[in-house]
Amino acid sequence: MIIDGDDTGVPNVDTGDGCTINDLIAEHADYPGHAEFVRHVETVTTALVTAGTLNRRQQGAIVRAAARSDVGA
């Protein structure tokens, strides 16, 4: 999956309800700031780890890409 042009190396899989990981993150939504976007990504990916969709390494790759991005900046 890709965040703001940064390929995380994590497959953008269906999360079980017809939405992909990128759909749940919705990087093109309106965020009040960059920190809020990164926190949102952390929240979404934590739930996906709990559900068994992602492992911690994959979560870390996604959160790091979000932190490097310009989303919300």
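1. In this predicted model, the protein is built from 3 helices and 2 strands, and a reading along the sequence gives the order β-β-α-α-α. Its radius of gyration is 11 Å, close to the 11 Å that the globule rule gives for 73 residues, so the protein is as compact as a globular protein of that length.

2. As for overall dimensions, the C-alpha atoms fill a box of roughly 30 × 20 × 20 Å when the principal axes are used. Of the contacts between residues at least 6 apart in sequence, 51% join residues that are at least 24 apart.

3. Turning to burial and surface, buried residues account for 40% of the 73 residues in the protein. The protein exposes about 4,100 Å², and carbon and sulfur atoms supply 50% of that area.

4. On charge, the protein carries 5 positive and 11 negative side chains, and the centres of these two sets lie 12 Å apart.

5. Although Arg-57 and Val-10 are separated by 47 residues in sequence, their C-alpha atoms lie 9.5 Å apart in space.

Definitions and conventions. Residues numbered from 1 in each chain as written. Predicted model: local features only at pLDDT ≥ 70, side-chain atom pairs only at ≥ 80, totals over all residues. Heavy atoms only, no water. Helix = DSSP H or I, 4+ residues; strand = E, 2+ residues; numbered from the N terminus. Rg over C-alpha atoms; globule rule 2.2 N^0.38 Å. Buried < 20%, exposed > 50% of the residue type's maximum accessible area, 1.4 Å probe, protein only. Contact = heavy atoms within 4.5 Å. Areas by Shrake-Rupley, 256 points an atom, 1.4 Å probe, with all protein chains shown as cover. Lys, Arg positive; Asp, Glu negative; His and termini not counted. Charge placed at Lys NZ, Arg CZ, Asp CG, Glu CD.
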